[in-house]
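User: Could you take a close look at one chain for me, covering its fold and then the side that touches its partner? I would like the cut-offs spelled out as you go.

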Amino acid sequence: MWLSPIVATGAVIVIGLVVFAFMGKNPWLATYTFFIDPIDTSYDVGELLLKASPIMLCAVGLAVGYRANVWNIGAEGQLIVGAICGGGAALAFQEVDTRWVLPVMLIAGMLGGMAWAAIPAFLRTRFNANEILVSLMLVYVASLVLSLLVHGAWRDPEGFNFPQSKMFAEHALLPILVPETRLHVGFLMAVLAVAAGWLFMRKSLPGFQMRVAGLAPAAANYAGISSKRTVWMGLMIGGACAGLAGVGEVAGPVGQLLPIISPGYGFAAIIVAFVGRLHPVGIFFASLLMSLLYLGGEAAQMKLALPSAVTGLFQGTLLLFLLAADVFIHYRLRLVRAPATVTRAA
Amino acid sequence: MDTAAQLVLLTLAAGTPLVFAALGELVTEKSGVLNLGVEGMMLVGAVFAFIVAATTKSPWLGVLAGMCAGAGLALLFAVVTLTLQANQVASGLALSLFGVGLSAFIGLEYVSVVIEPIKPVFGVNPLVLLSLLLFALIHWFLYKTRAGLVLRAVGESPQSAHAIGYPVVGIRYLAVLFGGACAGLGGAYLSLVYNPSWVEGMTAGRGWIALALVVFATWKPWRVLAGAYLFGGVTLAQFQAQALGVEIPAQYLSMLPYVATVLVLAVISRDAATIKLNAPASLGRGFHPDG
């Protein structure tokens with residue numbers, strides 16, 4: 001089960017070597033810059049964990065739904081709405097200096113993400129509308145809502161007309177976890193979510209019901225597991241996690257609302273959920289890898305003038321290789337006389 | 001030219017990328033394969049078409065390149081899902097994410113390049129006419145030819161088609177490749193005609209809207225055509241309103257196509273029985289001749 005993610009990662013590194021060589025860079029130096037250089041100091045490790053946190057949160061939430069065949073691909077939109085709600089709370093309590101502001105922001109963000117995910121859940125359970133398409137369409141709507149706010153009602157009047165909100169007050173920012181780094185409490189929340197995700201899927205009745213609904217929908221039906229509840233649960237958990245990730249982004253180093261909050265963390269989380277085999281522990285490591293791909297892309301751009309779009313290319317390649325590698329592990333290739341065919345392993 | 005005629009032409013122009021992509025996906029889905037990678041195939045088609053058109057100075061070679069690029073990406077999907085039997089939903093998502101990354105990567109040096117677009121003939125762009133021709137061909141193929149009947153049979157019951165001796169996997173390969181070429185063509189239309197330039201992510205979700213269109217259309221070609229123009233008209237609203245000087249933030253109008261997609265999808269899907277009756281029965285399910 002854990003072989004194909006490793007094979008896929010290896011394959012991405014090989015593809016990386018080829019791409020770097022093709023672009024006229026020394027492939028070994030480029031690979032070093034991309035994969036090793038971004039994590040060779042403790043500050044850099046902090047950055048790695050900082051970037052991994054939102055991806056981890058989103059992926060844990062998505063994986064719960066995917067286990068039950070609830071295909072929420074709109075985590076990016078739920079993250080944005082979470083950031084809007086959490087950020088809105090921060091702006092509303094700009095002058096109120098109590099330690100309750102942060103918890104209120106976190107809850108507002110979670111509720112925002114859940115509300116955004118409730119739209120596909122409602123349309124799927126009530127109107128039978130495909131949740132893949134609805135959740136994806138809402139990503140575009142969410143980013144336009146954010147754009148409306150930072151260009152309009154929430155624009156900082158002293159921000160020289162830039163589309164950005166006021167900076168959040170000190171008490172509305174997540175505390176730093178490790179001194180001398182930018183790593184904040186958001187990472188702790190992500191790790192807690194991983195643990196909670198594992199407990200929910202492995203040890204709780206609803207988690208068990210969701211796994212059954214995913215593995216054998218007919219059996220789940222006969223056993224009286226409500227498919228509507230499965231859809232709602234999958235989307236609500238996904239939305240809450242993504243919303244929390246959104247607050248973590250704006251209450252982290254950024255500290256304000258900007259027109260673009262996430263460089264595609266919600267989409268990267270889809271890849272992470274699969275590469276982590278929909279298992280919380282796998283997702284933990286897969287998010288670190290994904291975070292490294294982001295940091296590596298930035299490092300390659302700064303030090304080697306390689307385009308940072310390499311990151312997106314590697315992300316997509318990783319998932320395709322994973323799906324292909326799965327087949328070679330689940331099935332045995334058998335050479336028969338004349339044509340070779342793929343046969344089910346005994 | 002009077003305003004009404006101009007509006008019709010503009011709507012045709014805005015709907016055409018959706019016509020290409022959705023008709024291609026329709027044929028793919030009729031064979032029982034769900035390819036969620038349309039957005040990725042469109043983007044890769046758009047970027048390859050643009051690069052080839054910019055380097056060879058021949059937009060028509062660009063169109064060809066866009067089709068080949070879309071089909072190439074579809075081939076990748078076909079190998080993974082049809083030969084290697086991977087999950088179609090996950091693979092399609094992977095294809096879209098891969099296409100977004102790949103197109104952004106290879107298009108970087110062409111972002112501000114200017115090209116000679118394909119010129120309209122008698123006021124209508126040749127690619128718009130091609131899309132109408134494609135519609136007629138697909139309709140004729142699916143419902144009036146034996147090969148079309150076989151394709152639909154493969155989508156309804158691959159086991160039966162296999163039992164009579166039709167090469168199910170081969171037919172599905174062709175349907176997926178055709179869908180990819182059409183998506184690539186839709187992308188090429190965007191980067192060579194509609195908005196002659198290359199911008200990262202320039203499809204802006206049209207691939208996903210095309211997927212939704214196939215569902216709206218309950219898998220019927222003429223409804224795909226009607227739906228595509230309807231959505232073309234909706235995307236047009238944002239430019240028209242600005243031209244008419246309507247005081248409304250641009251973001252509201254930009255939301256329209258996405259909100260409309262969600263609403264129409266909900267209204268059409270509400271009747272689960274109709275969807276079930278019209279959808280190819282084996283849609284999204286794998287098939288292997290050895291069971």
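Analyst: Read along the sequence, chain B runs α-α-α-α-α-α-α-α-α-α-α-α, which comes to 12 helices and 0 strands. Helices here (H or I, at least four residues) and strands (E, at least two) are DSSP runs, numbered from the N terminus. Please keep in mind that this is a predicted model: local features need pLDDT of at least 70, side-chain atom pairs count only at pLDDT 80 or more, and totals for chains, interfaces and linings use all residues. Residues are numbered from 1 along each chain as its sequence is written, while chains are lettered from A and ligands numbered from 1 in the order in which they are written.

Now for the overall form. The C-alpha trace of chain B spans about 60 × 45 × 35 Å along its principal axes. Of the 291 residues of chain B, 51% count as buried, meaning that 20 or more other C-beta atoms, placed from the backbone, lie within 10 Å of the residue's own.

Next, the contacts, where two residues qualify if their C-beta atoms, placed from the backbone, lie within 7 Å. Among contacts in chain B between residues at least 6 apart in sequence, 80% join residues at least 24 apart.

Finally, the partner-facing side: 39 residues of chain B are in contact with 37 residues of chain A. On chain B, α3 (59–83), α4 (88–106), α9 (206–216), α11 (250–269) and α12 (272–278) each supply at least two residues of that side. The largest share, 12 residues, comes from α4(B).

Note on methods: Buried ≥ 20, exposed ≤ 12 C-beta atoms within 10 Å, placed from the backbone.
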